Amino acid sequence: ATAGGPEPREFPRGVNKLGPSERFGLSIPGAGRLLMCKLKLLDPDFTDPAPENPRAQALLREDDPDIQALVASFEEQGQQQPALADRNPDTGRWEVIYGTRRRFAASIVDARRREEGGFPLIAWVPEEPGVLTPADRQTLAISENEDRTDLSSWEKGRGRRSRTSTSCGESSSRARAGKVAIAVSRRTWGALRSSMWRSLHGVSL
């Protein structure tokens, strides 16, 4: 919440069914480590799509048959698959890394049930804040969405280009660091060679 602004709503556990496990180790592809997560009921009003998510949010529509089916499922059975969210340290809001269709559907059900207390978005969130790097978030967003049939080829392509751009940026940084190291090594060797020459020829400064 922003200073002086509204606070996120708290939801009783029975509003939206939680899964059998409330703790989960999520493998980060290519990183060789697990992200330990816990289940959390999020106020849909305090969530945003993460910038790393490849889905074009403007294409999500309430009259889309797939969205209507998801909304009906939420209303009848609750949310069966958690999304993944990470808190933005600057705004305090939750950014949905994957599961933005679930976020959209939960927002619809929440609006319909506002007088009854609302409807939360169930999401895995990191147990330790700030452990996900931008590259981690992007990898998780793209890997989860890569095989989804409801994601267009254009959206998948955009995600791949974004991932390539990030990889190139990291490679460029490593390359720049390498060039600096080489330049320092050359200067060091030059100074050492000059010192050796002066020693051999009895020259002092």
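**Exercise 1.** In this predicted model, determine which residues of helix α2 are buried and what covers them.

*Solution.* Step 1: The buried residues of α2 are T100, R101, R102, R103, A105, A106, I108, V109 and D110. Step 2: Their cover includes the strands β3 (47-49), β4 (83-87), β5 and β6 (121-126), together with the helices α1 (65-77) and α3 (134-145).

**Exercise 2.** Compare the span of helix α2 with the span expected at 1.5 Å a residue.

*Solution.* Step 1: The helix covers residues 100-112, which amounts to 13 residues. Step 2: The expected span is 1.5 Å times one less than the number of residues, and for α2 the expected value is 18 Å. Step 3: From first to last C-alpha, α2 reaches 19 Å, close to that expectation.

**Exercise 3.** Decide whether E95 is buried or exposed, and describe its surroundings.

*Solution.* Step 1: Locate E95 in strand β5, residues 94-98. Step 2: E95 has a relative accessible area of 14% and is therefore buried, since the cut-off is under 20%. Step 3: Leaving aside residues up to four places away in sequence, E95 touches D48, A50, P51, L84, A85, D86, N88 and R137. Step 4: With N88, the side chain of E95 also forms a polar contact of 3.0 Å.

**Exercise 4.** Identify the residues that touch the most other members of the largest nonpolar core.

*Solution.* Step 1: This core has 18 residues, and L42, V71, F74, A85 and L121 touch the most other members. Step 2: At least two residues come from each of α1, β4, β5, α2 and β6. Step 3: Another core, of 16 residues, lies apart from it and includes F11, I28, L35 and I97.

How values were computed. Residues are numbered from 1 along each chain as its sequence is written. This is a predicted model: local features need pLDDT of at least 70, side-chain atom pairs count only at pLDDT 80 or more; totals for chains, interfaces and linings use all residues. Side-chain values use heavy atoms; hydrogens and water are left out. Helices (H or I, at least four residues) and strands (E, at least two) are DSSP runs, numbered from the N terminus. Buried means under 20% relative accessible area, exposed over 50%, partly exposed in between (1.4 Å probe, protein chains only). A polar contact is a pair of N or O atoms within 3.5 Å; within protein, one must be able to donate a hydrogen and the other to accept it, and residues adjacent in sequence count only if both atoms are side-chain atoms. Contact means heavy atoms within 4.5 Å. A nonpolar core is a set of buried Ala, Val, Leu, Ile, Met, Phe, Trp, Tyr and Cys residues joined through side-chain atoms within 4.5 Å.
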